[in-house]
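I opened this model to look up its strands, its cores, its domain contact and its ligand shell. My entries follow in the order I made them.

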Amino acid sequence: MRKKMIAVLFGGCSDEYDVSLQSASSIIENIDSEKYRIIMVGITRQGEWKRYDGGIREIQNDSWMNHASCVPAIISPDRKTRGILVFEGGRIEIVRIDVAFPVLHGRNGEDGRVQGLLEMAGISYIGSGMLSSAMCMDKDIAHRLVSNAGIKTPSSMIIDTELSDEELEKRVLKFKYPLFIKPSNGGSSIGITRVSDRCELKDAVYDALRYDRKVIIEEGVDGFEVGCAILGNGSPMIGEVDEIELSQGFFDNIEKYTLKSSRIHVPARIDTDTTGRIKETAVKIYRILGCKGYARVDMFLTKGGEIVFNEVNTIPGFTSHSRYPNMLKGIGMTFPQIVDELIRSATQE
Ligand SMILES: Nc1ncnc2c1ncn2[C@@H]1O[C@H](COP(=O)(O)OP(=O)(O)O)[C@@H](O)[C@H]1O
Ligand SMILES: [Mg+2]
(Lines give C-alpha, C1' and ligand atoms only; values in the text may rest on other atoms or scores of the structure.)
(Ligands and ions follow the chains in the order given, each with its own letter.)
Protein backbone atom coordinates (compact mmCIF):
# COMPACT_ATOMS: atom_id res chain seq x y z
CA MET A 1 0.00 0.00 0.00
CA ARG A 2 1.24 3.47 -0.86
CA LYS A 3 2.26 5.44 2.21
CA LYS A 4 0.17 8.56 2.78
CA MET A 5 2.07 11.83 2.42
CA ILE A 6 1.71 14.12 5.44
CA ALA A 7 2.81 17.75 5.22
CA VAL A 8 3.79 19.12 8.61
CA LEU A 9 3.69 22.92 8.63
CA PHE A 10 5.71 24.48 11.44
CA GLY A 11 6.99 27.83 12.70
CA GLY A 12 4.74 30.54 11.37
CA CYS A 13 4.52 34.30 11.06
CA SER A 14 3.20 34.54 14.61
CA ASP A 15 4.19 35.56 18.14
CA GLU A 16 3.86 31.89 19.01
CA TYR A 17 6.51 30.75 16.51
CA ASP A 18 8.76 29.30 19.23
CA VAL A 19 6.00 27.18 20.72
CA SER A 20 5.25 25.78 17.28
CA LEU A 21 8.84 24.60 16.86
CA GLN A 22 8.53 22.54 20.04
CA SER A 23 5.08 21.17 19.22
CA ALA A 24 6.12 20.26 15.66
CA SER A 25 9.30 18.51 16.86
CA SER A 26 7.26 16.22 19.12
CA ILE A 27 4.71 15.51 16.42
CA ILE A 28 7.28 14.78 13.68
CA GLU A 29 9.09 12.40 16.03
CA ASN A 30 5.88 10.52 16.67
CA ILE A 31 4.41 10.12 13.19
CA ASP A 32 4.48 6.43 12.29
CA SER A 33 7.02 6.18 9.45
CA GLU A 34 5.76 2.68 8.59
CA LYS A 35 2.45 4.22 7.57
CA TYR A 36 3.27 7.75 6.52
CA ARG A 37 5.82 9.80 4.65
CA ILE A 38 6.47 13.30 5.89
CA ILE A 39 7.33 16.49 4.08
CA MET A 40 8.26 19.27 6.46
CA VAL A 41 7.48 22.86 5.52
CA GLY A 42 8.85 25.53 7.80
CA ILE A 43 7.51 29.07 7.85
CA THR A 44 9.93 31.66 9.21
CA ARG A 45 8.91 34.42 11.61
CA GLN A 46 8.94 36.74 8.62
CA GLY A 47 6.58 34.45 6.73
CA GLU A 48 8.93 32.76 4.23
CA TRP A 49 7.96 29.18 3.33
CA LYS A 50 10.70 26.55 2.96
CA ARG A 51 10.76 22.80 2.45
CA TYR A 52 13.04 21.41 5.15
CA ASP A 53 14.62 17.99 5.12
CA GLY A 54 16.94 18.02 8.13
CA GLY A 55 16.69 16.69 11.68
CA ILE A 56 14.50 17.49 14.66
CA ARG A 57 17.27 19.18 16.63
CA GLU A 58 17.55 22.06 14.15
CA ILE A 59 13.82 22.67 14.50
CA GLN A 60 14.09 22.60 18.29
CA ASN A 61 16.96 25.07 18.37
CA ASP A 62 15.54 27.28 15.60
CA SER A 63 18.42 26.85 13.15
CA TRP A 64 16.39 24.80 10.65
CA MET A 65 16.24 27.59 8.06
CA ASN A 66 20.05 27.49 7.65
CA HIS A 67 20.03 23.80 6.73
CA ALA A 68 21.29 22.95 3.24
CA SER A 69 18.03 21.19 2.37
CA CYS A 70 15.96 24.36 2.63
CA VAL A 71 14.44 25.53 -0.63
CA PRO A 72 11.38 27.71 -1.26
CA ALA A 73 8.14 25.73 -1.16
CA ILE A 74 4.51 26.81 -1.17
CA ILE A 75 1.08 25.25 -1.10
CA SER A 76 -0.44 25.59 -4.52
CA PRO A 77 -3.97 27.01 -4.45
CA ASP A 78 -4.55 25.18 -7.74
CA ARG A 79 -6.78 22.20 -6.90
CA LYS A 80 -5.30 20.11 -9.69
CA THR A 81 -1.90 20.21 -7.96
CA ARG A 82 -3.25 19.13 -4.55
CA GLY A 83 0.13 19.64 -3.07
CA ILE A 84 3.24 21.65 -2.57
CA LEU A 85 5.39 23.32 -5.19
CA VAL A 86 9.06 22.90 -4.31
CA PHE A 87 11.45 25.24 -6.10
CA GLU A 88 14.72 23.35 -6.40
CA GLY A 89 17.69 23.75 -8.74
CA GLY A 90 15.81 25.90 -11.24
CA ARG A 91 12.95 23.37 -11.44
CA ILE A 92 9.55 23.16 -9.81
CA GLU A 93 8.75 19.82 -8.26
CA ILE A 94 5.18 18.96 -7.28
CA VAL A 95 4.81 16.98 -4.04
CA ARG A 96 1.27 15.65 -3.72
CA ILE A 97 -0.16 15.78 -0.23
CA ASP A 98 -2.74 13.49 1.35
CA VAL A 99 -3.06 15.36 4.64
CA ALA A 100 -1.63 18.65 5.88
CA PHE A 101 -0.91 19.03 9.58
CA PRO A 102 -0.67 22.72 10.46
CA VAL A 103 1.29 22.72 13.71
CA LEU A 104 1.12 26.49 13.90
CA HIS A 105 -0.05 28.43 16.92
CA GLY A 106 -1.68 31.84 16.95
CA ARG A 107 -1.95 34.25 14.07
CA ASN A 108 -1.56 33.14 10.46
CA GLY A 109 -1.78 29.50 11.46
CA GLU A 110 -4.43 28.80 14.06
CA ASP A 111 -6.76 31.62 13.03
CA GLY A 112 -8.22 30.22 9.81
CA ARG A 113 -5.82 31.79 7.33
CA VAL A 114 -3.79 28.66 6.54
CA GLN A 115 -6.98 26.59 6.78
CA GLY A 116 -8.54 28.79 4.07
CA LEU A 117 -5.51 28.29 1.85
CA LEU A 118 -5.71 24.51 2.33
CA GLU A 119 -9.41 24.56 1.50
CA MET A 120 -8.70 26.48 -1.70
CA ALA A 121 -6.04 23.93 -2.53
CA GLY A 122 -8.42 21.01 -1.94
CA ILE A 123 -6.00 19.45 0.55
CA SER A 124 -7.39 17.60 3.61
CA TYR A 125 -5.98 18.92 6.83
CA ILE A 126 -6.00 18.22 10.54
CA GLY A 127 -8.09 20.40 12.81
CA SER A 128 -10.88 22.92 12.62
CA GLY A 129 -11.93 24.63 9.42
CA MET A 130 -11.38 28.20 8.37
CA LEU A 131 -14.43 29.78 9.99
CA SER A 132 -14.29 27.74 13.18
CA SER A 133 -10.58 28.47 13.61
CA ALA A 134 -11.20 32.19 13.12
CA MET A 135 -14.11 32.20 15.57
CA CYS A 136 -12.13 30.38 18.24
CA MET A 137 -9.13 32.67 17.78
CA ASP A 138 -11.21 35.78 18.41
CA LYS A 139 -12.08 35.68 22.11
CA ASP A 140 -14.84 38.26 21.67
CA ILE A 141 -16.61 36.32 18.90
CA ALA A 142 -16.18 32.99 20.70
CA HIS A 143 -17.65 34.44 23.91
CA ARG A 144 -20.66 35.87 22.10
CA LEU A 145 -21.50 32.56 20.42
CA VAL A 146 -20.98 30.43 23.51
CA SER A 147 -22.91 32.87 25.70
CA ASN A 148 -25.79 32.85 23.19
CA ALA A 149 -26.08 29.12 23.72
CA GLY A 150 -26.61 29.64 27.44
CA ILE A 151 -23.10 28.92 28.74
CA LYS A 152 -21.67 31.43 31.17
CA THR A 153 -18.80 33.66 29.98
CA PRO A 154 -16.90 36.35 31.91
CA SER A 155 -18.48 39.81 31.92
CA SER A 156 -16.58 41.76 29.32
CA MET A 157 -16.40 44.70 26.98
CA ILE A 158 -14.55 45.47 23.78
CA ILE A 159 -12.35 48.38 22.85
CA ASP A 160 -11.84 48.76 19.14
CA THR A 161 -11.78 52.52 18.70
CA GLU A 162 -9.68 55.30 20.20
CA LEU A 163 -10.87 56.31 23.64
CA SER A 164 -9.79 59.07 25.98
CA ASP A 165 -8.42 57.91 29.33
CA GLU A 166 -11.49 59.39 31.06
CA GLU A 167 -13.86 57.55 28.76
CA LEU A 168 -11.97 54.30 29.31
CA GLU A 169 -12.21 54.67 33.08
CA LYS A 170 -15.90 55.48 32.83
CA ARG A 171 -16.65 52.40 30.77
CA VAL A 172 -15.00 49.97 33.16
CA LEU A 173 -16.75 51.40 36.22
CA LYS A 174 -19.33 48.62 36.09
CA PHE A 175 -16.67 45.92 36.49
CA LYS A 176 -15.14 44.45 39.62
CA TYR A 177 -11.34 44.21 39.78
CA PRO A 178 -9.17 42.35 38.97
CA LEU A 179 -9.67 42.77 35.24
CA PHE A 180 -7.96 40.86 32.45
CA ILE A 181 -6.99 42.98 29.49
CA LYS A 182 -6.28 40.95 26.35
CA PRO A 183 -5.76 41.25 22.62
CA SER A 184 -8.97 39.65 21.34
CA ASN A 185 -6.89 37.57 18.93
CA GLY A 186 -3.87 36.08 20.62
CA GLY A 187 -2.41 33.23 22.56
CA SER A 188 0.30 32.09 25.00
CA SER A 189 -0.86 34.96 27.26
CA ILE A 190 1.07 37.41 25.07
CA GLY A 191 -0.17 40.98 25.56
CA ILE A 192 -2.39 40.00 28.52
CA THR A 193 -2.30 41.93 31.79
CA ARG A 194 -4.07 41.26 35.05
CA VAL A 195 -5.10 44.67 36.32
CA SER A 196 -5.91 44.98 39.99
CA ASP A 197 -6.14 48.74 40.17
CA ARG A 198 -7.64 51.55 38.11
CA CYS A 199 -4.26 53.22 37.59
CA GLU A 200 -2.84 50.18 35.74
CA LEU A 201 -5.69 50.13 33.25
CA LYS A 202 -4.42 52.50 30.56
CA ASP A 203 -0.99 50.90 30.13
CA ALA A 204 -2.56 47.45 29.97
CA VAL A 205 -4.90 48.52 27.19
CA TYR A 206 -2.04 50.11 25.24
CA ASP A 207 -0.01 46.95 25.62
CA ALA A 208 -2.84 44.75 24.34
CA LEU A 209 -3.38 47.16 21.42
CA ARG A 210 0.16 46.42 20.25
CA TYR A 211 -1.01 42.91 19.34
CA ASP A 212 -4.54 43.47 18.11
CA ARG A 213 -6.80 46.38 17.17
CA LYS A 214 -9.54 44.77 19.21
CA VAL A 215 -8.99 44.52 22.95
CA ILE A 216 -11.21 42.62 25.34
CA ILE A 217 -11.56 43.66 28.96
CA GLU A 218 -12.84 40.85 31.16
CA GLU A 219 -13.84 40.71 34.75
CA GLY A 220 -11.64 38.22 36.60
CA VAL A 221 -13.38 34.95 37.38
CA ASP A 222 -12.93 33.86 40.98
CA GLY A 223 -12.00 30.23 40.61
CA PHE A 224 -9.44 28.10 38.81
CA GLU A 225 -8.93 27.14 35.19
CA VAL A 226 -9.72 23.66 33.90
CA GLY A 227 -9.12 22.23 30.45
CA CYS A 228 -10.68 19.47 28.43
CA ALA A 229 -9.03 17.70 25.49
CA ILE A 230 -11.34 16.68 22.68
CA LEU A 231 -10.34 14.46 19.77
CA GLY A 232 -12.46 13.55 16.78
CA ASN A 233 -15.78 14.46 15.18
CA GLY A 234 -19.30 13.12 15.75
CA SER A 235 -18.85 11.38 19.10
CA PRO A 236 -15.36 12.56 19.95
CA MET A 237 -12.98 11.14 22.53
CA ILE A 238 -12.72 13.21 25.68
CA GLY A 239 -9.55 13.25 27.74
CA GLU A 240 -9.19 13.66 31.49
CA VAL A 241 -10.05 17.13 32.74
CA ASP A 242 -6.99 18.98 33.99
CA GLU A 243 -6.62 21.79 36.48
CA ILE A 244 -4.19 24.69 36.70
CA GLU A 245 -3.16 25.42 40.26
CA LEU A 246 -1.78 28.93 40.52
CA SER A 247 0.02 30.19 43.55
CA GLN A 248 0.21 33.79 42.37
CA GLY A 249 -0.84 36.09 39.55
CA PHE A 250 -2.19 34.30 36.50
CA PHE A 251 -1.10 31.76 33.89
CA ASP A 252 1.13 34.23 32.06
CA ASN A 253 3.57 33.61 29.24
CA ILE A 254 6.51 32.73 31.49
CA GLU A 255 4.50 30.58 33.88
CA LYS A 256 3.02 28.57 30.99
CA TYR A 257 6.40 27.36 29.81
CA THR A 258 8.31 27.18 33.09
CA LEU A 259 5.60 26.17 35.62
CA LYS A 260 7.72 27.87 38.26
CA SER A 261 4.97 28.66 40.73
CA SER A 262 2.03 26.81 39.23
CA ARG A 263 1.14 23.15 38.80
CA ILE A 264 -1.03 21.22 36.43
CA HIS A 265 -3.07 18.38 37.87
CA VAL A 266 -4.35 15.62 35.59
CA PRO A 267 -6.97 14.63 36.52
CA ALA A 268 -8.29 17.78 38.17
CA ARG A 269 -8.90 17.48 41.91
CA ILE A 270 -12.67 17.68 41.62
CA ASP A 271 -15.58 15.29 42.16
CA THR A 272 -16.87 13.03 39.38
CA ASP A 273 -20.11 14.93 38.99
CA THR A 274 -18.25 18.19 38.32
CA THR A 275 -15.84 16.41 35.98
CA GLY A 276 -18.84 15.10 34.04
CA ARG A 277 -20.38 18.56 33.80
CA ILE A 278 -17.10 20.04 32.57
CA LYS A 279 -16.73 17.39 29.85
CA GLU A 280 -20.32 17.86 28.76
CA THR A 281 -19.90 21.63 28.59
CA ALA A 282 -16.60 21.27 26.68
CA VAL A 283 -18.21 19.10 24.00
CA LYS A 284 -21.12 21.50 23.75
CA ILE A 285 -18.70 24.42 23.23
CA TYR A 286 -16.72 22.36 20.67
CA ARG A 287 -19.94 21.88 18.70
CA ILE A 288 -21.21 25.46 19.06
CA LEU A 289 -17.95 26.75 17.60
CA GLY A 290 -17.94 24.14 14.83
CA CYS A 291 -14.63 22.56 15.83
CA LYS A 292 -13.25 19.57 13.98
CA GLY A 293 -10.45 17.09 14.57
CA TYR A 294 -9.31 18.29 17.94
CA ALA A 295 -9.22 21.17 20.39
CA ARG A 296 -8.53 22.02 23.99
CA VAL A 297 -11.49 23.74 25.61
CA ASP A 298 -10.55 25.91 28.59
CA MET A 299 -13.02 26.92 31.26
CA PHE A 300 -13.02 28.26 34.81
CA LEU A 301 -14.62 26.48 37.72
CA THR A 302 -15.85 28.91 40.37
CA LYS A 303 -15.95 28.22 44.08
CA GLY A 304 -19.71 27.82 43.76
CA GLY A 305 -19.22 25.05 41.19
CA GLU A 306 -20.20 27.15 38.21
CA ILE A 307 -18.50 26.54 34.84
CA VAL A 308 -17.45 29.68 32.97
CA PHE A 309 -16.11 29.49 29.42
CA ASN A 310 -12.63 30.90 28.78
CA GLU A 311 -11.39 29.94 25.32
CA VAL A 312 -10.88 27.19 22.77
CA ASN A 313 -7.43 26.41 21.40
CA THR A 314 -7.89 24.78 18.00
CA ILE A 315 -4.16 23.99 17.73
CA PRO A 316 -3.20 23.50 21.37
CA GLY A 317 0.40 23.21 22.59
CA PHE A 318 1.56 19.78 21.49
CA THR A 319 4.93 18.89 22.98
CA SER A 320 5.12 15.50 24.67
CA HIS A 321 4.60 17.22 28.04
CA SER A 322 1.84 19.61 26.94
CA ARG A 323 -1.59 19.70 28.50
CA TYR A 324 -3.50 18.39 25.48
CA PRO A 325 -1.63 15.10 25.02
CA ASN A 326 -1.36 14.66 28.79
CA MET A 327 -5.14 14.77 29.17
CA LEU A 328 -5.51 12.06 26.52
CA LYS A 329 -2.73 10.03 28.10
CA GLY A 330 -4.99 10.15 31.15
CA ILE A 331 -7.53 7.99 29.28
CA GLY A 332 -4.86 5.54 28.13
CA MET A 333 -3.74 6.94 24.77
CA THR A 334 -0.04 7.20 23.94
CA PHE A 335 1.42 10.22 22.14
CA PRO A 336 1.91 8.29 18.84
CA GLN A 337 -1.68 7.01 19.07
CA ILE A 338 -2.98 10.56 19.46
CA VAL A 339 -1.04 11.69 16.38
CA ASP A 340 -2.26 8.67 14.42
CA GLU A 341 -5.87 9.29 15.41
CA LEU A 342 -5.58 12.92 14.32
CA ILE A 343 -4.32 11.93 10.89
CA ARG A 344 -7.14 9.40 10.62
CA SER A 345 -9.73 12.01 11.64
CA ALA A 346 -8.64 14.25 8.77
CA THR A 347 -8.98 11.54 6.14
CA GLN A 348 -12.45 10.29 7.13
CA GLU A 349 -14.85 13.07 6.20
N1 LIG B 1 -11.54 36.36 33.07
C2 LIG B 1 -10.50 35.77 33.64
N3 LIG B 1 -10.52 35.47 34.96
C4 LIG B 1 -9.47 34.89 35.58
N5 LIG B 1 -8.32 34.58 34.95
C6 LIG B 1 -8.22 34.85 33.64
C7 LIG B 1 -9.30 35.44 32.92
N8 LIG B 1 -8.91 35.57 31.64
C9 LIG B 1 -7.66 35.10 31.57
N10 LIG B 1 -7.23 34.66 32.75
C11 LIG B 1 -5.88 34.13 33.04
O12 LIG B 1 -5.03 34.50 31.96
C13 LIG B 1 -4.55 33.35 31.26
C14 LIG B 1 -4.47 33.62 29.78
O15 LIG B 1 -5.72 34.03 29.28
P16 LIG B 1 -6.40 33.34 28.03
O17 LIG B 1 -7.68 34.04 27.78
O18 LIG B 1 -6.48 31.88 28.23
O19 LIG B 1 -5.41 33.72 26.84
P20 LIG B 1 -4.41 32.87 25.92
O21 LIG B 1 -5.14 32.66 24.65
O22 LIG B 1 -3.23 33.73 25.75
O23 LIG B 1 -4.13 31.57 26.63
C24 LIG B 1 -5.52 32.25 31.66
O25 LIG B 1 -4.91 30.99 31.56
C26 LIG B 1 -5.86 32.63 33.09
O27 LIG B 1 -4.81 32.26 33.98
MG1 LIG C 1 -5.46 30.24 27.46
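**Strand β7.** I checked burial along β7 (99-103) and found it mostly covered, with 5 of its 5 residues buried. I count a residue as buried if 20 or more other C-beta atoms lie within 10 Å of its own, as exposed if 12 or fewer do, and as partly exposed in between, with C-beta atoms placed from the backbone. Helices (H or I, at least four residues) and strands (E, at least two) are DSSP runs, numbered from the N terminus. In a regular strand the side chains alternate between the two faces of the sheet. I looked at both faces of β7: V99, F101 and V103 are buried on one side, and A100 and P102 are buried on the other.

This is a predicted model, so I note the limits: local features need pLDDT of at least 70, side-chain atom pairs count only at pLDDT 80 or more, and totals for chains, interfaces and linings use all residues. Residues are numbered from 1 along each chain as its sequence is written, while chains are lettered from A and ligands numbered from 1 in the order in which they are written.

**Partners of β7.** Two strands pair if DSSP finds at least two bridges between them. β1 (residues 4-11) runs parallel to β7 and is joined to it by 5 bridges. V8 has F101 as its bridge partner in β7, and F10 stands opposite V103. On the β8 pairing I found 2 bridges to β7, again parallel. There A100 is partnered by Y125.

**The sheet.** I then traced the strand order of the open sheet, which has 8 strands: β6-β5-β4-β3-β2-β1-β7-β8, with mixed pairing. β6 (91-96) and β8 stand at the edges with a single partner strand each, so one side of each has no neighbour in the sheet.

**Cores.** Which residues touch the most other members of the largest nonpolar core? I found A7, V8, L9, F101, V103 and I230, out of 72 residues in that core. The core lies between domain 1 (4-125) and domain 2 (135-153 + 221-347), because both give residues to it. Another core lies apart from it, with 12 residues, among them F180, A208, V215 and I216. A nonpolar core here is a set of buried Ala, Val, Leu, Ile, Met, Phe, Trp, Tyr and Cys residues joined through C-beta atoms within 7 Å.

I listed the contacts of V8, leaving aside neighbours within four places in sequence: A24, I27, I28, I38, M40, F101 and V103. Contact means that the C-beta atoms, placed from the backbone, lie within 7 Å.

**Domains.** The chain is divided into domain 1 (4-125), domain 2 (135-153 + 221-347) and domain 3 (157-219). These bounds come from an automatic or database domain assignment. The centres of domain 1 and domain 2, taken over C-alpha atoms, are 26 Å apart. Their contact takes 21 residues from domain 1 and 14 residues from domain 2. On the domain 1 side, α1 (17-30), β7 (99-103) and β8 (124-125) each give two or more residues. α1 gives the most, with 6 residues. By class I get 10 nonpolar, 8 polar and 3 charged residues on that side. Ala, Val, Leu, Ile, Met, Phe, Trp, Tyr, Cys and Pro count as nonpolar, Asp, Glu, Lys and Arg as charged, and the others, Gly among them, as polar.

**Ligand 1.** I found 17 residues around ligand 1, the closest being F180, E218, V221, F250 and F251. The criterion is a C-beta atom, placed from the backbone, within 6 Å of the molecule. β10 (179-183) and β17 (307-313) each supply at least two residues of this shell. Domain 2 and domain 3 each supply at least three. The shell holds 6 nonpolar, 6 polar and 5 charged residues.

**β17 and beyond.** 5 of the 7 residues of β17 are buried, so the strand is largely enclosed by the rest of the structure. β16 (residues 294-302) runs antiparallel to β17 and is joined to it by 6 bridges. The two form a hairpin with 4 residues between them, and G305 in the turn has a positive phi of about 85 degrees.

I followed the loop between β17 and α10 (323-329) to I315. I315 is buried, because 33 other C-beta atoms lie within 10 Å. Its contacts, not counting residues up to four places away in sequence, are P102, V103, L104, H105, G109, E110 and G127.

**E162.** Is E162 buried or exposed? I found E162 exposed, with 7 other C-beta atoms within 10 Å. E162 sits in the loop between β9 (156-159) and α6 (165-171).

Key. Contact = placed C-beta atoms within 7 Å.
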